[in-house]
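Please look over the sequence and the structure before reading on.

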Amino acid sequence: MTATADPPLVTVVIPTWNRLALLRHAVASVVAQGYSAWELVVVDDGSTDGTVAWVKSLGDARIRVVELAHCAHVGRLRNAGVRAGSGELVAFLDSDDAWLPGKLEAQVAAMRATGARWCYGRYEVMDADGQPAPRRAGEFRARSGPIARDLLLDRADVFVGTLLVERTLFEEAGGFSEDPRVRRREDWELHVRLAMRADALALDQPLARVRNHGTRTTAEMGEPYTITLATYDAFLATDPPAGLARLARRGRAVHLADAGAEQLVRGAWARAVGMFGRALLGGAPPGHWARAFVRGARARLQRGR
């Protein structure tokens, strides 16, 4: 990013659906930022809990709401928010999460100093009540530079709530997938496409908090690995370079094995067998394949007792 005399405007996008109590916390964390050159677009997915009226009642010219008919597709909502804004930089925050103080200030300064076109950082976890909670997904892997391969190999960890990206790069990458089948890891798929076009800048400091609660969108997905297959398909449909496509196909095969385990648990034997077979043919490591099979079979047996 080229340094300019004036601080660049940041368009902040918050998609939401019937989460007014949590949305208040998310919006407050944006308003509390020391960096003041921002506009906030709340994209409402047909809420019925008074969300639209509350946003309009804030009386802050920097905050506005975009009203959409319910579609339950976060990629479409985020893209609509970006289109409604005009900032040189774009940032995202889910309505059940929150930013930490100094988030925007640190990232804008780092991008200006290095010329990076996109930036991300560490995050913390909080419980449903906003209290600190343990992180269960392993340690943050701060990787800067060309990280497309690292993302495909799950060696880099980018949380969308810490993403700050040039609008032009976001548009060059095509924005979030609006494929109706892509309902999980849509942010990961975008991050790979960003990384194909520009080196990343990772800040080894916490920038946001993720709220771990029972009504998270990901928590409500009963077959996460099966659902993720469509995300790999969407990425492969963008015709990535051969080396990255090969890694994506391998990742898809690994998810096929895990999806087969999910189907075993459900008792969908024919579907499970098909997935396990395609996983092996697709290059899933035999050890992972075997562990997935055993895990699914054991869970099915326990369920049947």
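Angles over 145 degrees count as roughly antiparallel, and angles under 35 degrees as roughly parallel. The model described here is predicted.

**Helices α9 and α10**

- Helix α10 spans residues 269-282, and its axis comes within 8 Å of the axis of α9.
- The two axes cross at roughly 160°.
- α9 and α10 are therefore roughly antiparallel to each other.
- Their crossing is left-handed.
- From α9, the contact draws on R249, R250, A253, L256, A257, A259, G260, A261, Q263, L264 and R266.
- From α10, W269, R271, A272, M275, F276, R278, A279 and G282 take part.
- By type, the residues of this α9–α10 contact are eleven nonpolar, three polar and five charged.

**Helices α9 and α11**

- Helix α9 covers residues 242-266, and helix α11 covers residues 286-304.
- Their axes come within 7 Å and cross at roughly 15°.
- That angle makes α9 roughly parallel to α11.
- The crossing of α9 and α11 is right-handed.
- On the α9 side, the contact is made by V254, A257, D258, A261, L264, V265 and R266.
- On the α11 side, the contact residues are H288, W289, A292, F293, R295, G296, A297, A299, R300 and R303.
- The residues of the α9–α11 contact split into ten nonpolar, two polar and five charged.

**Helices α7 and α8**

- Helix α7 (residues 186-195) packs against helix α8 (residues 224-236) at an angle of about 25°.
- The axes of α7 and α8 lie 9 Å apart.
- The angle makes α7 roughly parallel to α8.
- The crossing of α7 and α8 is right-handed.
- α7 contributes E186, W188, E189, V192 and R193 to the contact.
- α8 contributes T231, Y232, A234 and F235.
- Five nonpolar, one polar and three charged residues make up the contact of α7 with α8.

**Strands β2 and β3**

- Strand β2 runs over residues 38-45, and strand β3 over residues 63-68.
- β2 and β3 pair in the parallel sense, over six bridges.
- D44 stands opposite E67 in β3.
- Between the two strands, the chain passes through helix α2, residues 51-57.
- This β-α-β crossover is right-handed.

Key
Residues are numbered from 1 along each chain as its sequence is written. This is a predicted model: local features need pLDDT of at least 70, side-chain atom pairs count only at pLDDT 80 or more; totals for chains, interfaces and linings use all residues. Side-chain values use heavy atoms; hydrogens and water are left out. Axes are lines fitted to C-alpha atoms, for helices over the stretch in contact, and angles run from 0 to 180 degrees between N-to-C directions. Helices (H or I, at least four residues) and strands (E, at least two) are DSSP runs, numbered from the N terminus. Angles under 35 degrees count as roughly parallel, over 145 as roughly antiparallel, 65 to 115 as roughly perpendicular and the rest as oblique. A crossing is left-handed if the near helix is turned anticlockwise from the far one by less than a right angle, and right-handed if clockwise. Contact means heavy atoms within 4.5 Å. Ala, Val, Leu, Ile, Met, Phe, Trp, Tyr, Cys and Pro count as nonpolar, Asp, Glu, Lys and Arg as charged, and the others, Gly among them, as polar. Two strands pair if DSSP finds at least two bridges between them. A crossover is right-handed if, with the strands pointing away from the viewer, the path from the first strand over the helix to the second runs clockwise.
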